[in-house]
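Biologist: Hi, could you walk me through this one? I'd like to hear about pockets, then strands.
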Amino acid sequence: MKDTLGLLHPYNFTLDGDMSYTFTTDEGVVYHAYFMDFSNVLAGFQSVYTFNIESETSEPHAIDIRISHTIVSILELFFKNVENAIIFVCDNIDGKERKRNIKFDRWYQNWRTENIEKYDATADTEDYVLYVSLLINVANPKRKEIVSAFYKLVSNNMIPL
C-alpha cells in the first residue's frame, strides 16, 4: 500500500544558486523553480522578480499534489523578505496559458495567507492573451507603487515603457 501521508509533504528541494531551486518527484521528474530579477524592466519594480517553474522533460506526467506543496514552500521562503514581490506570467508557447493560469489561481486559493495579495490581469494582443499575476506582501512599503507599475506594464502588453 502506498504511503498517503507522504503526499502531504513537499519534496525536498535544494538551492542551486542565487534564488534557484531543484527538486525531483517520486516519478523521477526533475523540476527547476527560480526567480529572476525584474527591476531592470522598470524603475518601479525594485525587489520584484519573475517566478518560473520548469521540468527537465516535456513528457506528460501524473498529477502530483506534492509539486504544489513544494512550490508553496519555496514561495514562503521568498516572501520572508516582505519587500519581495513576484510577477508570474503564464507561458503561452504551447497554447496552455489559460490552464496554467487556472492552476496557479487554484494554488493561490488553496495556500493563500492574509499577508500575500494577488492581482490578476491579461495582456491582449492580436496573436495571444497573456495571463499575468502579481503576488505582493501587504506589508511591502512600496506596494501601491509596485501595483501601479504592474498595471501600467500589462496595459502596454508587457512591453516596458
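Modeller: Happy to! Keep in mind that this is a predicted model. Starting with the second largest pocket, its lining has 10 nonpolar, three polar and three charged residues.

Biologist: Which residues are the closest to the centre of that second largest pocket?

Modeller: Of its 16 lining residues, those closest to the centre are Leu75, Glu76, Phe79, Trp111 and Ile116. The volume of this second largest pocket is about 320 Å³. H1, H2 and strand E7 (129-137) each supply at least two residues of its lining.

Biologist: And what volume does the largest pocket have?

Modeller: About 1300 Å³ for the largest pocket. It is lined by 32 residues, and Tyr31, Ile53, His61, Arg100 and Lys103 are the closest to its centre.

Biologist: Which element gives the largest share of that lining?

Modeller: That would be H2, with seven residues of the largest pocket's lining. By class, the lining of the largest pocket divides into 15 nonpolar, seven polar and 10 charged residues.

Biologist: Switching to strands: in what sense do E2 and E3 pair, parallel or antiparallel?

Modeller: Antiparallel, with five bridges between strand E2 (residues 20-24) and E3. For example, Ser20 has Tyr34 of E3 as its bridge partner.

Biologist: What is the bridge partner of Tyr34 in E4?

Modeller: In E4, Tyr34 is partnered by Asn52. E3 and E4 also pair in the antiparallel sense, over seven bridges.

Biologist: Back to the hairpin of E2 and E3, which residue takes a positive phi there?

Modeller: Gly28, with a phi near 90°. That hairpin has five residues between the strands.

Conventions. Residues numbered from 1 in each chain as written. Predicted model: local features only at pLDDT ≥ 70, side-chain atom pairs only at ≥ 80, totals over all residues. Heavy atoms only, no water. 1 Å grid on protein atoms, 1.4 Å probe; cavity = no way out; pocket = protein on both sides within 12 Å on 5 of 7 lines; lining within 4 Å. Points joined across faces, edges and corners; volume = space filled by probe spheres on them. Helix = DSSP H or I, 4+ residues; strand = E, 2+ residues; numbered from the N terminus. Nonpolar A, V, L, I, M, F, W, Y, C, P; charged D, E, K, R; others polar. Pairing = 2+ DSSP bridges.
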